[in-house]
Amino acid sequence: MKLANRLSAIKPSPTLSLSAKAKALVAQGMDVVSFAAGEPDFDTPDFIKQAAIDALKQGFTKYTPTSGIPELREAICAKFERDNHLTFAPDQVLVSVGAKQAIYNTFQALLNEGDEVIIIAPYWVSYPDMVQLAGGKPVIVETREEDGFAPDPEAIRRALSPRTKALILNSPSNPSGAVFSRATLEGIAQAVRGHDCLVLSDDIYEKLLYQGEFLNIGNVAPDLLPRLVVINGMSKAFSMTGWRMGYVAGPKWLISGMQMIQDQSTSNAASFAQKAATAALKGPPDIFVPMVEEYRVRRDMVVDALNSMEGVRCRSPEGAFYVLPNVSGLFGRSYKGTPVTGSIQMSEILLNDFRIAAVPGAPFGAEGHIRLSFATSREQLRKGLERLREFTTSVR
């Protein structure tokens, strides 16, 4: 008996596997500094926790509609109108078990065998695998570090084909922290006009912004709204990763298909967590400010330190809580008599010999880089950066 053929091209998540290995070393008593996890180190706000506690006390523990409770879907629509100036009706919204499931459901409902999805590199590691699991073909559009990892609209135009079903935008980006400007989004909109494809905007990091303004492509190209799919959730902005609360808004025909997928997989997201998500979306608008300001300080500290290291250069991200330093200047040099050949090998050295968990860039479509999360304390950041400096000075 063998596993299904569809799994043959799927690779384990490097972020999850590296985090697991780092945690295993910690459990053995090792002092490991983890730059791997993609989750805020802040606690979920108390008023959100209280909403879940109240729901539990009131016995709100039963099944809900697969699409989510009406008050949550209405709160999501109000959030889109208030924060993003986008108008969706409640029947255009589906609440899911995290934003990750929302993206997965999108591809399962949309793609037929051989359909193409354009993905901008560097990209979140799960995008290509989710496309392949749905029978689709990832089409990668490269970007340049010197352009701030912003995609060239002409490169997107060249990647479009009669088989293109969707284009994924992720701004602020995981792993680069890049934020796409109005001009970039206008160029992308112009490129996809005339092509019958959806634009999937993964906005999960929208509140973690350090400079510029957050724009959804629907803000600069309202004519694309009929084929715009917006993914978001509670994990990053509200520090609710373990609550598994995500949502998607888009064309009614697609949302109906996605609900069919979810009907036969998870059904509804946890009932009491939906109450908490409703409270979060209706909560104070300035709740994000302290977290963003702390991340801004950490970002600057990390970028300055990295740019002072031999063989390393790092652009300052405009959003999210990651840096993507270019470490290719260390490749070809020798560490303990062995050449450093790539980001995967380098990440293994950092974890095994320097007790730093840093994610290799290769699985993100960014070979020559490593991804470091600064969603950890300043003390841990300083300790980890000093260990990284020790590594850079040990290669010859």
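D115 counts as buried, at 6% relative accessibility. Here buried means under 20% relative accessible area, exposed means over 50%, and partly exposed lies in between (1.4 Å probe, protein chains only). K165 counts as partly exposed, at 23%. The two residues form a salt bridge, with their closest N and O atoms 3.2 Å apart. A salt bridge is a side-chain nitrogen of Lys or Arg within 4 Å of a carboxyl oxygen of Asp or Glu.

K165 lies in strand β5 (residues 164-170) and D115 in the loop between α4 and β3 (116-120), so the pair ties together parts that are 50 residues apart in sequence. Helices (H or I, at least four residues) and strands (E, at least two) are DSSP runs, numbered from the N terminus.

## About the model

This is a predicted model, where local features need pLDDT of at least 70, side-chain atom pairs count only at pLDDT 80 or more, and totals for chains, interfaces and linings use all residues. Residues are numbered from 1 along each chain as its sequence is written, and side-chain values use heavy atoms, with hydrogens and water left out.

How many salt bridges does a search of the whole structure find? The search finds 24. One of them joins the side chains of R387 and D31, at 2.6 Å from N to O. R387 sits in helix α13 (residues 378-394) and D31 in the loop between α1 (14-27) and β1 (33-34), so this pair ties together parts 356 residues apart in sequence. R387 is buried, with a relative accessible area of 15%. D31 is partly exposed, at 39%.

R157 and E154 both lie in α6 (residues 153-159), three residues apart, about one turn of the helix. An α-helix has 3.6 residues a turn, so residues three or four places apart point the same way. The side chains of R157 and E154 meet at 3.2 Å, N to O. R157 is partly exposed at 33%, and E154 is partly exposed at 37%. Elsewhere, salt bridges that share partners join D41, E294, R298 and R378 into one network.

Helix α4 has twelve residues. From first C-alpha to last, α4 reaches 17 Å, close to the expected 16 Å. The expected span is 1.5 Å times one less than the number of residues. Buried residues of α4 include A102, I103 and F107.

The axes of α4 (residues 99-110) and α5 (residues 126-133) come within 8 Å and cross at roughly 35°. Axes are lines fitted to C-alpha atoms, for helices over the stretch in contact, and angles run from 0 to 180 degrees between N-to-C directions. K100, I103, Y104, F107 and Q108 in α4 meet S126, Y127, M130, V131 and L133 in α5. Contact means heavy atoms within 4.5 Å. By class, this contact has seven nonpolar, two polar and one charged residues. Ala, Val, Leu, Ile, Met, Phe, Trp, Tyr, Cys and Pro count as nonpolar, Asp, Glu, Lys and Arg as charged, and the others, Gly among them, as polar.

## Helix α3 and its neighbours

Helix α3 (residues 70-84) has 15 residues. Its span is 20 Å, close to the expected 21 Å. Which residues of α3 are buried? They are L72, R73, A75, I76, C77, K79, F80 and N84.

These buried residues pack against β2 (93-96), α8 (217-220), β7 (228-233), β8 (246-249) and α10 (271-281). After α3 comes H85, whose phi is positive, near 55°.
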